[in-house]
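Here is a short briefing to read alongside the model.

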Amino acid sequence: PSNIVAGQHGSIVITQDASTPRTMAFGSYWKNAGGTDDALTATASAVDQINYYVKSSTEIHYNMIKAIS
C-alpha cells in the first residue's frame, strides 16, 4: 500500500475467476490474528471479503470473511 494513514479502514471484496481460481499474497504491512496469511477460497466464482484497519503507516490489521454466498 501507499499513502496509508492511521485510522483508515474499509473492505475489499474479491471474486474468484469462474474457471481458474487465483491466489493472493499479503505484503509485510498486513497483520491478522494468529499471524498467518489467509488464503482465498479456491472455488470457482467464490467471494471473499477482507476487512481492514490501518493502525500506523507500516501496519494494517485485517480479517477475512470467506466463501460469502
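**Around W30**

W30 touches P1, I12, I50, Y52, I60 and Y62, leaving out residues up to four places away in sequence; contact here means heavy atoms within 4.5 Å. This is a predicted model, in which local features need pLDDT of at least 70 and side-chain atom pairs count only at pLDDT 80 or more, while totals for chains, interfaces and linings use all residues. Residues are numbered from 1 along each chain as its sequence is written, and side-chain values use heavy atoms, with hydrogens and water left out.

**Nonpolar core**

- The largest nonpolar core has 10 residues: I4, I14, F26, W30, L40, I50, V54, I60, Y62 and M64.
- Such a core is a set of buried Ala, Val, Leu, Ile, Met, Phe, Trp, Tyr and Cys residues joined through side-chain atoms within 4.5 Å.
- Two or more residues of this core come from each of β3 (47-56) and β4 (59-65), and β4 gives the most, with three.
- Strands are DSSP runs (E, at least two residues), numbered from the N terminus.
- As background, nonpolar side chains in soluble globular proteins tend to be buried together.

**Aromatic rings**

- The structure holds four aromatic pairs; rings of Phe, Tyr and Trp (its six-membered ring) pair if their centres lie within 6.5 Å, with planes under 30 degrees apart counting as stacked, over 60 as edge-to-face and the rest as tilted.
- F26 and Y62 form a stacked pair, at 4.4 Å centre to centre with 10 degrees between the planes.
- Because F26 lies in the loop between β1 (9-15) and β2 (30-31) and Y62 in strand β4, this pair ties together parts that are 36 residues apart in sequence.
- F26 counts as buried at 12% relative accessibility, and Y62 is buried at 6%; buried means under 20% relative accessible area, exposed over 50%, and partly exposed in between (1.4 Å probe, protein chains only).
- The W30 and Y52 rings are edge-to-face, because their centres are 6.0 Å apart and their planes stand at 70 degrees.
- W30 is in strand β2 and Y52 in strand β3, so their pair ties together parts that are 22 residues apart in sequence.
- W30 counts as buried at 19%, whereas Y52 is partly exposed at 23%.
- Ring pairs link F26, W30, Y52 and Y62 into a cluster.

**T41**

- T41 is found in the loop between β2 and β3 and is buried, with a relative accessible area of 14%.
- Leaving aside neighbours within four places in sequence, T41 is in contact with Q16, A46, D48, K66 and A67.
- The T41 side chain reaches the backbone nitrogen of A67 at 3.4 Å.

Notes:
Helix = DSSP H or I, 4+ residues; strand = E, 2+ residues; numbered from the N terminus. Polar contact = N/O pair within 3.5 Å; in protein donor to acceptor, adjacent residues only side chain to side chain.
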